[in-house]
Amino acid sequence: MQHQPRKHRILPLLTLLIMLLPLSSMAADDSTLFTEGISILIKGNFKEKQLAIQQIAASGDSRARGLLQALLEGKLYRIKKDDTLVFAEITDSRAHIRSALGGENLGEIKKRKLKKITINNGLRTSLKSSLARIDLSSPDPAVRLQAVNLLIIGLSPKDSGLLTNLLETETDDSVREELLTAMNIAALRGDDHGAAVTALKQLHGNLSPAVRNEISSLLNKENLDESLQKEALLVQRSIQSKVSFFGLVEKLFFGLSLGSVLVLAAIGLAITFGVIGVINMAHGELIMLGAYTTYVIQQLMPNSIGLALFLSIPAAFLVSGLTGIIIERSVIRFLYGRPLETLLATFGISLILQQTVRSIFSPLNRSVATPAWMSGSIQINPILSLTTNRITILIFSLLVFAGLYLLLRRSSLGLQVRAVSQNRAMARAMGVQAARVDALTFGLGSGIAGIAGVALAQLTNVGPNLGQAYIIDSFMVVVFGGVGNLWGTLIGGLTLGVANKFIEPWAGAVLAKIIILVFIILFIQKRPQGLFPQKGRAAE
Amino acid sequence: MKSTLLAATLGCALAIGSVFTGHARAAETIKVGVLHSLSGTMAISETTLKDTMLMLITEQNKKGGLLGKQLEAVVIDPASDWPLFAEKARELIEKEKVAAVFGCWTSVSRKSVLPVFEELNSLLFYPVQYEGEESSKNVFYTGAAPNQQAIPAVDYLMNDMNVKRWVLAGTDYVYPRTTNKILEAYLKSKGVADADIMINYTPFGHSDWQSIVSDIKKFGSEGKKTAVVSTINGDANVPFYKELGNQGITADTIPVVAFSVGEEELSGIDTKPLVGHLAAWNYFMSVDNEVNDAFIENWQSFIKSEKRVTNDPMEAHYIGFSMWVKAVEKAGSTDSTAVQEAIIGVTVPNLSGGYSAMMPNHHITKPVLIGEIQEDGQFEVVWQTSGMVAGDAWSDFLEGSKDLISDWRSPLSCGNFNVKTGECSGSK
């Protein structure tokens with residue numbers, strides 16, 4: 001039943017296809033077009049391949065789509081010996097091959113006996129547009145939408161008839177909208193003033209970049225009709241105000257996402273530095289250990305990247321947490337109350353950890369794969385899209401914050417930690433084992449740093465220097481937010497992130513960092529306790 | 001400040017500990033200095049070059065050494081600490097009495113050791129692409145000068161891919177700044193308008209690329225074909241390419257051509273979002289010829305891993321080392337002055353299937369290759385210059401350097417001779 005409406009669509013589509021094809025190629029016989037294209041594809045250089053692709057696409061052969069798709073994905077190979085075209089699935093040094101023309105299975109072969117049919121960017125573009133033209137009749141609305149998008153570029157006023165035909169049979173709303181936009185653009189390119197003015201009226205507030213370019217090129221035209229110019233300016237203004245609004249939304253999102261990374265990196269430090277007052281210069285390296293844990297777990301289970309990522313969270317917490325406890329028990333506990341010596345000792349530890357990782361994993365960066373659900377972006381409208389990895393990390397950091405907050409507020413460990421941090425002597429008098437609490441608190445802060453490492457492994461390099469990049473930012477956030485206050489870290493981190501992103505566009509990335517740093521220095525002069533000063537005895 | 005001081009001291013201690021004098025031989029040897037960071041931030045790139053040098057020296061010894069003597073590598077770790085580079089260079093030359101030094105990666109480290117090599121009249125072979133605007137009697141630049149990498153890449157984009165708008169994105173230090181200055185002047189000389197060039201600098205190790213990539217996207221959505229010319233260095237590349245992929249910028253909409261991303265860097269990246277982006281180098285591991293095959297085989301068996309890749313700076317060391325060997329044989333001695341005279345004009349095979357020659361300006365001739373990144377982390381060559389390109393020490397596109405030439409042959413023997421005034425300013 002669902003097939004019924006689609007059949008009607010085929011006729012106008014075919015007309016469209018024919019219009020789009022180069023005339024010369026239509027003259028030749030279709031099957032020779034295909035075989036000729038294939039032989040050029042095997043032997044030709046990039047320029048010849050370009051023609052071959054057009055020929056193959058124009059041939060209308062049923063194998064064309066699969067062939068072009070495989071070529072685009074880099075799965076099309078030829079056997080070096082006899083130039084047979086094959087689809088190949090490569091695993092290590094072996095390849096599983098299938099005939100590209102006949103489709104029959106040809107078994108396995110050594111990878112070295114195959115040669116890939118290579119393409120470059122130019123070919124990639126023409127492959128995509130060839131595929132899109134075939135795809136105008138695709139059952140998938142998303143594919144049709146993209147096909148229409150590609151059409152807009154080469155549109156002329158003559159095409160409006162075809163577009164009307166397409167519109168009549170189109171059922172999907174977003175594709176209809178795109179088709180209407182295409183028709184309006186076609187009208188703008190034509191000579192009919194009345195049609196152009198109506199088209200402009202309909203384009204009010206349309207955010208598609210094609211429309212924006214069309215209108216600015218219209219306005220640049222010489223001896224433009226006055227009424228048309230007035231209307232065009234009006235439309236441009238309406239689009240412009242929308243663009244700047246969404247620009248603001250985008251900036252805010254960028255800022256929050258940068259802030260969430262800062263919060264994640266700093267929150268472990270907020271505990272070790274804020275609660276037990278240890279200046280831990282090895283904090284960055286604990287983050288790094290978390291990132292390497294992610295890498296190792298992914299190596300152990302290469303086929304389920306998503307699951308590996310989830311397992312990495314507790315694993316990284318344990319690895320970094322235990323390392324933290326070892327550091328605390330073996331070094332830091334002898335240095336309580338001597339901040340300068342703690343600083344130097346932990347800095348030494350950070351260098352040791354870095355060089356250890358260099359010796360074990362080599363100084364080269366390791367690659368951590370991103371699961372499919374974390375790559376790409378969510379398209380809100382043509383000019384605003386939010387990247388999914390950033391959204392995930394934003395949510396993740398809020399969850400970590402909430403979890404940590406609950407732990408400190410609601411659990412008995414949290415109570416003891418707060419008691420020790422507020423008044424060590426009194427807490428001990430009440431039977432709290434201060435030394436044990438110190439070790440656990442340090443372990444907790446370090447473990448959280450490890451979790452931050454899991455998130456950072458998705459954003460940046462996993463290498464021995466990972467930690468150094470975040471240590472200064474982490475201290476900045478904690479000091480700005482107020483030592484010993486988790487809320488301060490959250491608000492401080494997000495504020496710094498947003499401020500950074502609003503300064504960046506007009507000052508540049510380098511200057512933005514400097515301005516933020518200067519601002520914090522001045523702020524600390526005025527309010528040495530940070531945004532949210534800690535109350536109680538520890539503050540004195 | 002305290003922390004950097006401490007780092008320096010610790011680095012020193014580490015470096016002194018790692019002086020490696022090889023096997024104590026009774027017979028006389030020729031010492032070759034290897035000055036690459038094995039710890040600190042630059043270890044990521046430079047460790048491989050140290051291994052390359054050890055391999056080349058081992059091979060030369062198997063062939064019977066040089067002038068009837070065995071070669072001996074003296075490896076010192078300057079720990080990514082620029083002042084330490086100068087100190088260690090002095091140690092290599094004065095204490096270890098090395099015949100030549102192969103080393104340095106960053107321009108800062110090269111500038112730091114330069115006065116030492118000039119003062120003690122020793123030889124440095126520098127294997128990395130750099131910004132040009134320098135020519136020293138004691139330094140041989142075997143990496144690419146801007147006209148051997150940046151300018152051909154821009155030509156390719158302009159002529160073959162019809163790029164009309166340009167984003168010049170770089171890390172904020174001397175190499176990107178100078179290269180972009182040259183490129184900007186070059187683009188303007190080709191009639192590109194100011195509005196069609198966007199220049200952007202970011203700090204070292206920048207990891208939050210959201211707004212910059214979004215700006216690039218907007219810049220590229222204005223109807224004209226846009227490309228990014230990237231001099232972004234080191235670690236900042238991974239988050240940059242990831243962000244490009246996530247924001248939906250693919251190589252066929254806005255291609256990125258990079259000058260600092262090679263096979264080694266790609267081996268630490270998830271390459272899926274990068275496929276189709278470009279890099280310009282003078283050598284790719286994927287180049288198909290016998291010399292290169294042999295080199296890769298030697299390398300992988302020397303390093304005992306079939307997964308290790310080769311890259312452009314390694315080839316530069318290969319060329320530089322062969323040139324030095326040939327020049328020493330020609331001069332019949334390892335004396336610096338004799339080798340300096342002998343090496344000009346020396347021609348050796350490179351790994352891209354041609355021959356490279358040492359020019360009188362101490363730069364070499366190389367082919368320029370443009371490659372597209374493939375899913376397996378290798379490059380597919382999509383374009384290359386028809387012949388060798390000679391390195392130009394002083395760019396023709398910068399005010400103040402276009403009248404300068406460099407020629408270390410006597411009687412001129414000058415690194416920055418001004419053809420207009422007829423004067424040699426600076427070093428002789």
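How many Å separate the centres of domain 1 of chain B and domain 2 of chain B, taken over C-alpha atoms? I found 29 Å between these two centres.

Before going on, I noted that this is a predicted model, where local features need pLDDT of at least 70, side-chain atom pairs count only at pLDDT 80 or more, and totals for chains, interfaces and linings use all residues. Residues are numbered from 1 along each chain as its sequence is written, while chains are lettered from A and ligands numbered from 1 in the order in which they are written.

**Entry: the domains of chain B**

I looked up the bounds, which come from an automatic or database domain assignment. Domain 1 of chain B is 2–144 + 307–366, and domain 2 is 147–286 + 368–390. Their contact (C-beta atoms, placed from the backbone, within 7 Å) takes 20 residues from domain 1 and 20 residues from domain 2. On the domain 1 side, helix 11 (312–331) and strand 13 (365–366) of chain B each supply at least two residues. Helices (H or I, at least four residues) and strands (E, at least two) are DSSP runs, numbered from the N terminus.

**Entry: a sheet in chain B**

Next I traced an open sheet of five strands in chain B, in the order 2-1-3-4-5 with parallel pairing. Two strands pair if DSSP finds at least two bridges between them. Strand 2 (70–76) and strand 5 (139–141) of chain B stand at the edges with a single partner strand each, so one side of each has no neighbour in the sheet. I then looked at strand 1 (residues 29–35) of chain B, which pairs with strand 2 of chain B over seven bridges in the parallel sense. Val34(B) has Val75(B) in strand 2 as its bridge partner.

**Entry: where chain A meets chain B**

I counted 47 residues from chain A and 43 residues from chain B in this contact. Which helix of chain A gives the most to the side that touches chain B? Helix 21 of chain A does, with seven residues.

Key
Two residues are in contact if their C-beta atoms, placed from the backbone, lie within 7 Å.
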